[in-house]
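Hello,

Here is the structure I promised to pass on. Please open it first, then read my notes below.

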Amino acid sequence: MEIREQQHGAVKGITPKGPLCTQDVPEFQRLVQNAIAATMGRCVIDLSETPYVDSQGLESLLTLSELLADSGRTLKLCGLCETVKEILDLTDLAATFEQYEDMNSAVRSFL
Amino acid sequence: MGRFLRKLVPGHASLISSALVMSTAVLLSALGALWWTVQQAQVAESHASAARTLQAIAQTVGAQLERGIADRDLAGIRMIVLEAARGGRLSMCRVVLGDGSVLADSDVGAITSKTIPEKLPPVSSAALGEHRFELAIPGRGTAILEMQPSAESAEPQSLQFAFAGIAVGALVAVGAASVVIRRRGRPFTLVADALSAVASGERDLAALELADSTGGVGTAWNEFLRELARHRARERLESVASGRVNDSAHDDLALKLVDSMWHGVVFADEEMRIRYCNGAAAIFLGGTRESLAGTPIAECLKSSETGEGLLRLSDAKNRGRVVFECGVGEGDVRTVLRVSARSVAAGGYAILLEDVTQQRVADRSKNAFVEQATHELRTPLTNIRLYVEALIDNPNSEVATRSQHLNVVNQEVRRLERIVGDMLSVSEIEAGTLKLALHDVRLPSLFTDLEAEFAGPARAKNIALKFDLHPKLPTIVGDRDKLILAITNVIGNAIKYTPEGGTVRVSARPVDSDLVVEVADSGIGIRAEDIERVFERFYRAHDPRVEKIVGTGLGLALARDVLRLHGGDISVQSTPDRGSTFALKFPIRSPMSRAA
């Protein structure tokens, strides 16, 4: 699984390409944790190229969310496809994350 | 507490003096009463003693007088009376007959009878009394010996007045002392009431304060309450600093609220050492809450602004807010923190940390954009003005020259259109309102237009511009204007950054379900460290050759946004000094699929 990192001003965008599943979770989590530490929390996960998230992927997103919650922040997600939105709704986790239509909107939320 | 006691002592002194006054009054009253009793006893004793003396005198003198009367020795009788009055220290001593006539008297002037009758007039028993004794003369009758003790042995009337004065004085003193004590004791009564209110659960210290009119005790009590409030605040700060949650649900909620804030909150003591920080502050200060406890703020926020700001904050006269910005952390983009700090009444400082990095980046970008856009707009406008002026000045110039001038004007107007289009698109993207107007887009026609547009600029720079198009380019669904904007920006850049005599090759071909447009040039290329950032808005590579050429730093950012809105993306491969190849890829959505 390819994970692209992109800087948007002072915000780091992380875009996993492909389904976020068990085998890719450790690498994804490591990258996001590094990005959070480097940017002091100014980080957005772009799921526009992620068609599916399995239970491990979901757990990873929750872990990252809790990591940010300790500093009063919320994990920001953008570009969610319908399938991922439905997974979050069904698991009642949609409200755990800040969701944005696209990266631009998510980056603007840091202003 | 010391101040409180010092203030309380004068109050006690007044109370003690009042108590002394009262005690003295009571003592005086008691003494007066005792004196009164003693004097009364003495007077009674004096009376009794006088009565006994009179009795003894009556017995001694009476017998002599009886003999004298019997012998009718008037002179002897009078001598005896005088002697008795003198010897017995009597104020009056006389012998009276039953008819009231005075036979002998210590006061010679009071004698009324000059002889002793043969037969004495009878004396009624009623005439006898305490100071009147019967003289019985055998064969002649009875007479009366009347004596009066001297005034010295009489009841001392003035003394009684003195006693009464003392008693009245004592009563007045007691009354005055009572009033004074009640007045002095009023603040203590109010303090007792306040303590009762505390016992009843009153927690608001302000409600327990006494009015200023209650004097020194009230002031001391109020000072004590303020000291208690400061102590409570310090205790709360201590409990927060040590991570202890107070048993009060209120404090617990406050702590949770502070912890959930996305701004950093720090409590520092008087020496600017961290006593408490919330999670956000811990991240900003580069540590954990535990490791940061006791660390000087200046060590966590190392910058000249911090030193100066903390210096202003620690100025004892400064009660206002001190605000400064400082950079923390490492990396490409240093975090900019806005630090707002002020001293708190409980002692120490409250510091708020806000992450304003993105705002500052945006500010810088906008400033750079305005600067670049102004420059970018001025160049075509100048060209247009010059060529139009040339046409006006030379109305009879050759047709070929006029045509050339008009062509330049046309190109510059198109350039202006592009710049304005870019700026509008940027503002739309910034505002989140950039939307695609989807229509059928005939790709062959689109590339024909592009070829026509860039033929002139390429020729002007002697660049070989080639369009290598697939013979069967499909009709797709997309926003034609936006796609032209994206591809135009990439081709425009290629021509702009390719030296004269170079080549630019544009190819378009379907690959699987995508359309891939490649723009390859033999230009100056992009350095590895800039490749990742060329798609950022307002970013321009730090290369003198790039900086020489005007540009907004928006073209590639816009191209990427447009392609992503179409579900595609843009990538670049480049070798410095040899050229770059931009690949624009977006999915082909045919009109049929849109209909489906």
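Which residues in H14(B) meet which residues in H17(B)? Keep in mind that this is a predicted model.

**Two helices in chain B**

On the H14(B) side, the residues are Lys482(B), Leu483(B), Leu485(B), Ala486(B), Asn489(B), Val490(B), Gly492(B) and Asn493(B). They meet Gly555(B), Leu556(B), Leu558(B), Ala559(B), Val562(B) and Leu563(B) in H17(B). By class, this contact has 9 nonpolar, 4 polar and 1 charged residues.

Two values describe how a pair of packed helices sits: the angle between the axes and the distance between them. Here, H14 (residues 480–496) and H17 (residues 555–565) of chain B pack at about 145 degrees. Their axes are 8 Å apart. The crossing of H14(B) and H17(B) is left-handed.

**A sheet in chain B**

Strands of a sheet pair through backbone hydrogen bonds, either parallel or antiparallel. This open sheet has 4 strands in the order E2-E1-E4-E3 (chain B), and the pairing is antiparallel. Strands E2 (102–105) and E3 (132–137) of chain B are the edges, each pairing on one side only. On average, neighbouring strands are turned by 25 degrees against each other, direction ignored.

Look at E1(B), residues 90–96: 3 bridges join it to E2(B). In one of these strands, E2(B), Ala104(B) is the bridge partner of Val95(B). Helix H2 (residues 74–87) of chain B lies across E1 and E2 of chain B. H2(B) runs at about 155 degrees to E1(B).

**Where the chains touch**

In chain A, 17 residues are in contact with 23 residues of chain B. Helix H4 (residues 103–108) of chain A gives the largest share of the chain A side, 3 residues. By class, that side has 6 nonpolar, 7 polar and 4 charged residues.

Best wishes

Key:
Residues numbered from 1 in each chain as written. Chains lettered and ligands numbered in written order. Predicted model: local features only at pLDDT ≥ 70, side-chain atom pairs only at ≥ 80, totals over all residues. Axes fitted to C-alpha atoms, helices over the stretch in contact; angles between N-to-C directions. Left-handed = near helix turned anticlockwise from the far one by under 90°. Contact = placed C-beta atoms within 7 Å. Nonpolar A, V, L, I, M, F, W, Y, C, P; charged D, E, K, R; others polar. Pairing = 2+ DSSP bridges.
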